[in-house]
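The following paragraphs guide the reader through a single protein chain, from its overall dimensions to individual side chains. Please keep the sequence and the model in view while reading.

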Amino acid sequence: MAKLTPLSGFPELLPQERYVEQQVVATLARTFELHGFANIETRVVEPLDRLAKGGEIDKEIYVLRRLQAEADDSDSGLGLHFDLTVPFARYVLEHAGKLEFPFRRYQIQPAWRGERPQEGRYRQFTQADVDIVGRDELGFHHDVEVMRVMVEALDELPVPPLSFQFNNRKLIQGFYRGLGLTDLATAIRTIDKLDKLPADTIAELLVSDAGATPEQAERCLELATIRTGDTSFVDKVRGLGVDDDLLEEGLTELAAVVDGCGSGDRRHVTVEANLRIARGLDYYTGTVVEIFMEGYERLKSVGGGGRYDALASDGRTTYPGVGVSFGVSRTLIPLISDGVLAGNRAVPSAVLVALPDEESRGASDEVAQRLRARGIAAEVAASPQKYGKQIRYAERRGIPFVWFPASSESPHEVKDIRSGDQVEADPDAWRPPAADLRPGVVSR
């Protein structure tokens, strides 16, 4: 048999690591549902004409094709989705007649991209998206709401500190328009490269590609340097002396988002206005956000999103939306690899029921069933080895308790193999401490 080698870009987790991912997904889902968001799951394939839009991402689409297809057969016309936004837009159009708007949904699913694998970037990865979509109109207050929901959800996770960095496309566009720039889209895409290129190069590109004068380019860079943890950015922007109605609208909206998401006690999530954030995707029309993780700046953003006034349209009706996406795999796999996050055991079992001999298997099974009936995960030892070996077996699997069934000479007893404490116990009444009932996540 040929030696097996890992398949690059398609990460697999060991049981103890998978539990970390499960806990994170469950925590996100619980917070989303507390805010009234319904869960959906879309199919994994979409028509290529919906996926491929002529951009760089087209090169990364995995196309669906039968193994036994003839050499001259064309592909199926289907591809695996590379994010959750494209399938969601199609879902809204397809099911609009059965949905109640504004439609509040969350979706936690894998996606696929044929890009070069590296830390934080995989060919198969899980994302968590939360969105609100309206029919023809969607009030701005939903921007504040959906951003705050993701802030609260990520604040519950056992990860390093996270920073939500907000901006507003109306603010950027209004400022550029007030300066006299005409190619606003190119200017925005150029400023969005500030984390990759030095400011001098960005200034040159603004002049050469966006048609700015050197003075206008300098003002664009001045705007991009404004960064505050409160709404003081409003006065700083106004101090640059540019007047435009769209700019004022963007300032008002951004201040509301920063205020709304920054209020309340947070464990490890901070909120700030960062006027460098642009998100180059053309469909954003208002609020934009990127999420960064402390100590993992090399990953760039681990999440992002914003307002899009035309998520989908059937020619008669337009569906505006606002949402945020969090990279579950992008965030967790580096943390697990670095030992920052780990599961405290590899199995859900809280109790291993010892097996004195093979004839006692029925009695041991009965004890395990009595524990399971009360919600306590239990398994029976695989073979009737000496008790010391059975205890070491539980230890290797991370099972905290070993149960010794009653015999004619002794009552039921349970041993905490971490402390060594062993006490008499009733399988219909005993419970482990809440922290031991299920596996937990250890954050270092």
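Of the 444 residues in the chain, 50% count as buried. The model is a predicted one, and its C-alpha atoms fill a box of roughly 95 × 60 × 45 Å along the principal axes. The secondary structure comprises 14 helices and 18 strands.

After α1 comes G36, which has a positive phi near 85°.

Side chains of opposite charge can pair when their charged atoms come close. Across the whole structure, a search finds 25 salt bridges. In one of these, E46 and R90 meet through their side chains at 2.8 Å, N to O. This pair links distant parts of the chain, since E46 belongs to strand β2 (residues 45-47) and R90 to helix α3 (residues 85-95), 44 residues apart. Both E46 and R90 are buried.

A further salt bridge connects R418 and D416, with the closest N and O atoms 3.0 Å apart. D416 counts as buried because its relative accessibility is 15%, under the 20% limit for that class. Salt bridges with shared partners also join R43, E46, R90 and E94 into one network.

How far apart are the side chains of R219 and E222 in their salt bridge, N to O? The distance is 3.8 Å. R219 and E222 are three residues apart in helix α8 (residues 214-224), and therefore about one helical turn separates them. An α-helix has 3.6 residues a turn, so residues three or four places apart point the same way. R219 counts as partly exposed because its relative accessibility is 25%, and E222 is likewise partly exposed, at 29%.

E222 also provides a reference point for R279. The two residues are 57 positions apart in sequence and 18 Å apart in space, C-alpha to C-alpha. R279 lies in the loop between β8 (269-274) and β9 (287-293). Its relative accessibility is 17%, and R279 therefore counts as buried.

Is I202 buried or exposed? Its relative accessibility is 0%, so I202 counts as buried. I202 is found in helix α7 (residues 199-210). Between I202 and L67 there are 47 Å in space, C-alpha to C-alpha, and the two are 135 residues apart in sequence.

Which residues form a positive surface patch? The patch consists of K386, K389, R392 and R396. Of these, R396 is found in helix α13, which covers residues 387-397. R396 counts as exposed because its relative accessibility is 64%, over the 50% limit for that class. R396 thus stands at 64%, whereas I202 stands at 0%.

Methods: Residues are numbered from 1 along each chain as its sequence is written. This is a predicted model: local features need pLDDT of at least 70, side-chain atom pairs count only at pLDDT 80 or more; totals for chains, interfaces and linings use all residues. Side-chain values use heavy atoms; hydrogens and water are left out. Patches are made of residues with over 30% relative accessible area and no salt bridge: like charges are joined within 9 Å, nonpolar side chains (Val, Leu, Ile, Met, Phe, Trp, Tyr) within 5 Å. Accessible areas come from the Shrake-Rupley method with a 1.4 Å probe; for residues, only the protein chains shown count as cover. A salt bridge is a side-chain nitrogen of Lys or Arg within 4 Å of a carboxyl oxygen of Asp or Glu. Lys and Arg count as positive and Asp and Glu as negative; His and the chain ends are not counted. The place of a charge is taken as NZ of Lys, CZ of Arg, CG of Asp or CD of Glu. Helices (H or I, at least four residues) and strands (E, at least two) are DSSP runs, numbered from the N terminus. Buried means under 20% relative accessible area, exposed over 50%, partly exposed in between (1.4 Å probe, protein chains only).
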